[in-house]
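Hello,

Here is the structure you asked for. Please open it first, then read my notes below.

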Amino acid sequence: MTQDEALAQVRKRVLAGGAERYHSANAAKGKLFARERIALLVDEGSFVEDGLYANSLADGLPADGVITGIARVDGREVCLMANDSTVKAGSWGARTVEKIIRIIERAVQYGVPMIYLVDSAGARITDQVDLFPGRRGAGKIFHTQVKASGAIPQACALFGPSAAGGAYIPAFCDIVAMVEGNASMYLGSDRMVEMVTGEKTTLEAMGGARVHCAESGVGHFLCKTEQDALDTVRAYLSYLPSNWEQSPPSAEARDSSGADLGALVPASERQAFDMRRYIKGLVDEGSFFEIQALWAKELTIGFARLDGEVIGVIGNNSMFKGGVLFPDSADKASRFTQLCDAFNVPLLFLCDVPGFMVGSAVEKQGIIRHGAKMITAISEATVPKICVVVRKAYGAGLYAMAGPSFEPEATIALPTAKIAVMGAEAAVNAVYANKIAAIADDEERAAFVAQRRAEYEQDIDIMRLASELVVDTVVEPADLRGELIRRYRAARGKNRFFARRRHGVTPV
């Protein structure tokens, strides 16, 4: 056998991955081979592999169970890694770890997005001394991800398990798309949990895709198929620049859907409406890309385009929990704000918020701390910000939604807007509770309450607030889109200096 023939034989063996029985087992679960996933994600013929022959002399460890390299997605350079679950369940050895670290470092050096296609059982316990504790051990993966955070986009598609310490790879990514039924994240297996705590559970109940996308918030997109997860990663990257020094990519401007925004907002603040419909009616048609749609649904977040330019949208959704802010929704807003600020995406706040939730349950959950975290993120964001008070902005909810004190480019009010410490009914009850209780006659009591409410409503009248420059303008719903386009266009050259310091101390 010639040297060329020997090399070709090794290459064929490495490219094939693990034994056929492992390919068959994955196929039975609807799982693709790692190389098939890469082919579906990247532009045809663009993938250049790194470290193909890692551990190739060992038996049954082709590429040491991970595929890394550079490619193009929609014409733009990216770096990527993909666990090969046909090779010892995608577990990590020393060369696996080194390959992952190297490709993340390369992504940072090149200033391109990093994509993680994860399907791994975690570290190989038999190789722990080689891969776990050293300076280039598994911990260096996470250290490198943290250094990359905010410098380049990091997106994860999760197709199978992401176990133990390996679960932190998705956790350090900007977004995680999880395939329902197969994807899972957990620090300890169900057997380990029972051994340590006595709890009997399953991987799906403890760390399945729906759990993380709807309950924990670690997952961002619940996907039905692997192709859906890959498409989600591709769509996500289409809204972001390749790195922090660039601007988001422009697209051809589209008109809005033409929805009647005024008709979407009920006259009564007690009546709920779906902020997602409002957003879709405001932005370029078909451009809204919602993130974390299943978690903390009282707050809607996502990317969109206005006249072809990318913006990040944060809107209170009264369809869920009345749009009140809870610890989870505060965290949701904080992280998305930081994401947009890192990658030069202007922010739009659509405000219809009664405030933060009150009561012993949320106090014990740290609602003050979570709210402070949200307000910190809004304060520190230096991208252009515009606050639109769609209907109500009560209490600290106004602050959390980038109200006038937080240096937005503008605070815009619609004619339906109300800004106050609290709503009229709550305010009258707070101030006049004893007097109301002392009025015995029902009609007299009702008249007294109505009079006090009218006085309160007059005090917070939106035109009064506009006259005192609390809000910068009051616009009709039909004019809002054009107003936003012009204001964002004017703010493109904004000076983004915030404060002279290393970093603040975030309330976490």
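The crossing of H18 and H19 is right-handed; that is, the near helix is turned clockwise from the far one by less than a right angle. This is a predicted model, where local features need pLDDT of at least 70, side-chain atom pairs count only at pLDDT 80 or more, and totals for chains, interfaces and linings use all residues. Residues are numbered from 1 along each chain as its sequence is written, and side-chain values use heavy atoms, without hydrogens and water.

H18 covers residues 424-438 and H19 covers residues 442-459. Both are DSSP runs (H or I, at least four residues; strands are E, at least two), numbered from the N terminus. Their axes lie 10 Å apart, at an angle of about 135°. Axes are lines fitted to C-alpha atoms, over the stretch in contact for helices, and angles run from 0 to 180 degrees between N-to-C directions. H18 and H19 are therefore oblique to each other (under 35 degrees is roughly parallel, over 145 roughly antiparallel, 65 to 115 roughly perpendicular, the rest oblique).

Now a second pair. H14 (residues 327-342) and H16 (residues 367-380) cross at roughly 20°, and their axes come within 8 Å. These two helices, H14 and H16, are therefore roughly parallel.

Last, a strand. Seven of the seven residues of E4 (residues 114-120) are buried, so E4 is largely enclosed by the rest of the structure. Buried means under 20% relative accessible area, exposed over 50%, partly exposed in between (1.4 Å probe, protein chains only). Met 114, Tyr 116, Val 118 and Ser 120 point one way; Ile 115, Leu 117 and Asp 119 point the other.

Best wishes
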